[in-house]
Amino acid sequence: MKQQIIDLWKTVFGDSDAFVKLWFDHIYRNEQTLVVEKRGRIVSALQIIPREMIYFGERISAAYVCGVCTLPAERGKGFMTQMLHEAERVMTDRRFALATLIPSDGWLFGYYGRFGYATTFDLSSETHCLHTQTFPAVTCRIEPSGPVADDALYRCYDLVQSARQCAIIHRASDLELVRQDCLTDGGDCWAAHVDGQPAGIAFAVPRADGTVFFKEIACDDPSLRNALIQSVMKHYRAHTARVRIPPVTASSAPYGMARVLDAARIYDIYLRHNPPPATGNPLRADIAACTQTLLAYDRRAGYMNLMLD
């Protein structure tokens, strides 16, 4: 089955061999995959990856639905509708509180909306230009991080992600895969050290147009964060950097979607940490409206990034 899923993935997504190997060596599992077969051939598939989410200070189980694909010649026959309904049943049986996904194209937000998914995760971005003056203003050492399995390096990232209100949680092994993905694209994971300890971490990839794309920066100190950006830009000889950041309400763009699976459980946690919603009991609304309320989309509380897919 695995090789058929790999062939289907390559046909639909066109990812590099390096990325496909990374995904199928480290993330893919047969038992996490749903398929539709036609005359012994897999024509449609999706994967359900177990994740964890910090939800207003508590941990909940969250499934990540990804690798959603159908052979071009087999589209429009209801196979994906069949699988998405089956995925909901499987995720409910496995006691996931929430299902999440990232649409690969803009029109798919509307498509997944038909299955109860709602936009709940936004991202914003910053643009930085290379400074010519002496930098940084803080005393630090900035260099490629090496494997993220290093405990001190992971703690640096975990301090930032654990402080978020409502976010998908990454383990050290998840971040190491993101680092390896950056390496295949000519980038790396960079760490800023202060007094010999990691105090900032950034995942960056240079672009052919002379810019550098920061998939994420985890650093609480503004001066150190700026130093990290400038140092990485200088290394890649980039004149401009684009940095993904958590959503800023006024300028965020839709990125990911979610569907509440265990609304009563999530609502109970929500009420322990938030005042009751002004719109009344969200459990009485349709599932998409309920999901947006419970993930506080009006406040852009949700955060989802570095999912590799």
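This is a predicted model: local features need pLDDT of at least 70, side-chain atom pairs count only at pLDDT 80 or more; totals for chains, interfaces and linings use all residues.
The lining of the largest cavity is made up of Leu 84, His 85, Glu 88, Met 91, Phe 115, Tyr 117 and Arg 259. Helix H3, which spans residues 79-93, supplies the largest share of this lining, with four residues. When the lining residues of the largest cavity are sorted by class, four are nonpolar, one is polar and two are charged.

A second feature of the model is the packing of two helices. In general, a pair of packed helices is described by the angle between their axes and by the distance between the axes. For helix H2 (residues 17-26) and helix H6 (residues 172-184), the packing angle is about 165° and the axes lie 10 Å apart. Because angles over 145 degrees count as roughly antiparallel, H2 and H6 are therefore assigned a roughly antiparallel arrangement. The crossing in which H2 passes H6 is right-handed. On the H2 side, the contact is formed by Ala 18, Phe 19, Leu 22 and His 26, which meet Leu 177, Gln 180, Asp 181 and Thr 184 of H6. Taken by class, the residues of this contact between H2 and H6 comprise four nonpolar, three polar and one charged.

Notes: Residues are numbered from 1 along each chain as its sequence is written. Side-chain values use heavy atoms; hydrogens and water are left out. On a 1 Å grid over the protein atoms alone, a cavity is a set of points where a 1.4 Å probe fits but cannot get out, and a pocket is an open set with protein on both sides within 12 Å along at least five of seven lines; lining residues have an atom within 4 Å of a point. Helices (H or I, at least four residues) and strands (E, at least two) are DSSP runs, numbered from the N terminus. Ala, Val, Leu, Ile, Met, Phe, Trp, Tyr, Cys and Pro count as nonpolar, Asp, Glu, Lys and Arg as charged, and the others, Gly among them, as polar. Axes are lines fitted to C-alpha atoms, for helices over the stretch in contact, and angles run from 0 to 180 degrees between N-to-C directions. Angles under 35 degrees count as roughly parallel, over 145 as roughly antiparallel, 65 to 115 as roughly perpendicular and the rest as oblique. A crossing is left-handed if the near helix is turned anticlockwise from the far one by less than a right angle, and right-handed if clockwise. Contact means heavy atoms within 4.5 Å.
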